[in-house]
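Here is a short report on a structure with more than one part. Read it with the model open beside you.

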Amino acid sequence: MLNDKKFRQILSGSAITIAVASLLTFLSLSSGIKNATFSELEKESPLTQITVRPNMENTGVLSLLAQSSKGKLSQKTIDQISKIAGVKNIYPEITFNSFASLEAKVLGFEFVTDTMIFGIEEGFVKNTIPECKDTEKCLIWENLTEPYPSIIPKKLLDIYNFAIAAPQGLPLLSEDQLIGKELKLYPNYSTFFPAMGGKSKEITLKVVGFSDNVNLIGITVPYALVEKLNQEYTTEPSSKFLEIFVETENADQTEEVAKKIETLEYSTSYYQKNLKDVEAKLTYLSIAIGVISGIIVLLAAIAIISTFLASIEEKKKQIGLYRALGAKKSHIRKIFLLEAGITGIIGSISGSILGIIASLVLNKIIIGKLETTTFHPENLFLITPELIGICIGFGIILTLLSAYLPASKAANTSPIEALR
Amino acid sequence: MIRLTDVSKKFVSGKSANLALIDINLEIKEGEFIAVVGPSGSGKSTLLHLIGGLDTPSKGTITVNNKNLNLLNDNDLSKYRNENVGFVFQEFYLESSLSALRNVLIPSLFNHPSENDKIRATKLLKEVELSEKINSLVNELSGGQKQRVAIARALMNNPTIIIADEPTGNLDSKTGEKILKLLKKLHKEHHVTLLIATHDETIAKAADKIIKIEDGHLC
């Protein structure tokens, strides 16, 4: 059987262990979510990339109805942007100005859907094509012969897998399974609205890569192919761009370049800007986590204070004896704070170990659950040596602060009262 | 020299007050063996606590070796107890989880611990005939042996006064006799002033001087 003294030591040690473990788990979750969100954001918008769009505030509905070119993206925009210092490359994105249908046969299933077709130059997609990663020029993107290369947005594959395939029991698809697959494209034809289309000719596309960076709502093919399709099927030229992707010399210049583009009355979107929005939203999460951690820490502090106060009652005779033998008030305070410090060190180290184990287990469980969603980061809990150090330090300081009041009470005990 | 001049001690509890000592005037010479006798609640322990600096008088002055205890603050009183007074209690008050040696060493922890402390503590344990029990845990010792450890501890910082409050109260008569002999021996060898509060006639007879106290007054 445990005696009261040991039981109280275990109780205060457990309080600090639970507080530190909770704190470490919550903080690692908070920083893990931030990290995962920022990584996702960075995938979609690399640090050196600015997406330029027409400024709708300036164009307005009337301007749009009047087919005004005001605020729209054109060669003039590219000329303006290219003059800005720090701009390395400019990639305009064009779209096929009519309906299109896509047909794919995968794992014995036939998929037919309407799609949008986006055209972009080789430089923008080069790194997302496995065949082109180590080459100077991406010849398969530039060589305009059938089957034409195409890039699928990664998110589209995720949406298929988790929103369509999984609920309907269809086989899940991986990037490797799809790379090299041929797709049939029917420009100027709508599967959903067949009556609205015109003449169409089947062309063959080949999946050459997946990207987080290309337009989400369709497939991306070489710029020249979209230009060719627009000439063949529509009356609208490809001189107006849907978006323009600007690559800066380095990440430090991105914000400055973007601000200069905004002065030209275009709208911009880039990682650093998105980051600020996300950070602002994540602040609420951090506050919520902080409040929960605060409550746990407060409860731990109350537990420590009450166990130390009980411990004083138990050690009253010992305090009286020490005072009789010449211990000053400061000696008694030091004895109690030393005991608290040792409890704090042991409790905090145990708490950190427990917190790490809890984070790893929860990480595994939650990541497993997230596999069936479009958000699947590698880790949702971020444990760093600094975080462990902070939690251990915090645990020790919390124990010492919580024990200070009982220690002072012990120090002020009259020796004769204590011995009585 | 211990001198008490018009010393009174009043204990206040809520609205009621109890005068434990009333106008005590007393002089104890250095090296004397004094037995303080009287019935329970007469004020024996209170008198010794005041001389030992464990408590302060409500009125009057206490001077020990020309030092006015009334003028000492809490830290100075702690220092006075540590350097000048050795306490022996009826209940022994030993740290049961520590060895005899470590118990004897406790007073030195509050007064510039040095390497010689261990040598002195060992020597004192030999003097109280516990050389074989130096490293034994005190809860493994008999009552008499525990009181010997407490006496060695009282002598650790080389005090000028030993205050023993009913030192044989928890011991059988035979063991009590041995403890008394030991205290007398050490009183002579260490040239300390020995103040014993007791009900025991044998102890009282062994003292150089008997102070009788009743209802807070010296008789």
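Two strands pair if DSSP finds at least two bridges between them. Keep that in mind for strand 7 of chain B, where the bridge partner of Phe89(B) is Asp165(B). The model is predicted. Its scores are ipTM 0.92 and pTM 0.66. Chain B averages a pLDDT of 92, and 100% of its residues score at least 70.

**The two chains**

The table sets out both chains.

| Chain | Helices and strands | Residues and buried share | Contacts joining residues at least 24 apart, among those at least 6 apart in sequence |
|---|---|---|---|
| Chain B | seven helices, 10 strands | 219 residues, 45% buried | 71% |

**The six-stranded sheet of chain B**

Six strands of chain B form an open sheet. Their order is 6-7-8-3-9-10, and the pairing is mixed. Strand 6 (85-89) and strand 10 (217-218) of chain B are the edge strands. Each of these two pairs on one side only.

How do strand 6 and strand 7 (residues 161-165) of chain B run, parallel or antiparallel? They run parallel, joined by five bridges. The link between Phe89(B) and Asp165(B) belongs here.

**The four-stranded sheet of chain B**

Chain B also has an open sheet of four strands. The order is 2-1-4-5, with antiparallel pairing. Which strands stand at the edges? They are strand 2 (16-28) and strand 5 (67-68) of chain B. Each has a single partner strand, so one side of each is left without a neighbour in the sheet.

Strand 2 of chain B pairs with strand 1 (residues 2-13) of chain B. The sense is antiparallel, and there are nine bridges. One example of such a link is Ser13(B), whose bridge partner in strand 2 of chain B is Ser16(B).

Now turn to helix 3 of chain B. Helix 3 packs against helix 5 (residues 143-155) of chain B at an angle of about 35 degrees. The two axes are 7 Å apart. The crossing is right-handed.

Which residues meet? Helix 3 of chain B brings Ala100(B), Asn103(B), Val104(B), Ile106(B) and Pro107(B). Helix 5 of chain B brings Val149(B), Ala152(B) and Arg153(B). By class, this contact has six nonpolar residues, one polar and one charged.

**Where the chains touch**

How many residues of chain B are in contact with chain A? There are 15, and they contact 12 residues of chain A. Helix 2 (74-84) and helix 3 (100-109) of chain B each supply at least two residues of the side of chain B that touches chain A. Helix 2 of chain B gives the largest share, six residues. By class, the touching side of chain B divides into six nonpolar, five polar and four charged residues.

**A buried strand in chain A**

Strand 5 (residues 116-120) of chain A is worth a look. Four of its five residues are buried, so this strand is largely enclosed by the rest of the structure. Strand 5 of chain A has partners that you can trace. Strand 2 (residues 87-95) of chain A runs antiparallel to strand 5 of chain A, and two bridges join them. Here Ile94(A) stands opposite Gly119(A). Strand 9 (residues 218-222) of chain A pairs with strand 5 of chain A in the parallel sense, over five bridges. Here Ile117(A) has Ile219(A) as its bridge partner.

**An exposed residue in chain A**

Finish with Leu139(A), in helix 5 (residues 139-142) of chain A. Is Leu139(A) buried or exposed? Leu139(A) has 12 C-beta neighbours inside 10 Å, so Leu139(A) counts as exposed. Glu122(A) is 17 residues from Leu139(A) along the chain, and their C-alpha atoms are separated by 8.5 Å.

Note on methods
Residues numbered from 1 in each chain as written. Chains lettered and ligands numbered in written order. Predicted model: local features only at pLDDT ≥ 70, side-chain atom pairs only at ≥ 80, totals over all residues. Buried ≥ 20, exposed ≤ 12 C-beta atoms within 10 Å, placed from the backbone. Contact = placed C-beta atoms within 7 Å. Nonpolar A, V, L, I, M, F, W, Y, C, P; charged D, E, K, R; others polar. pLDDT = per-residue confidence, 0-100. Axes fitted to C-alpha atoms, helices over the stretch in contact; angles between N-to-C directions. Left-handed = near helix turned anticlockwise from the far one by under 90°.
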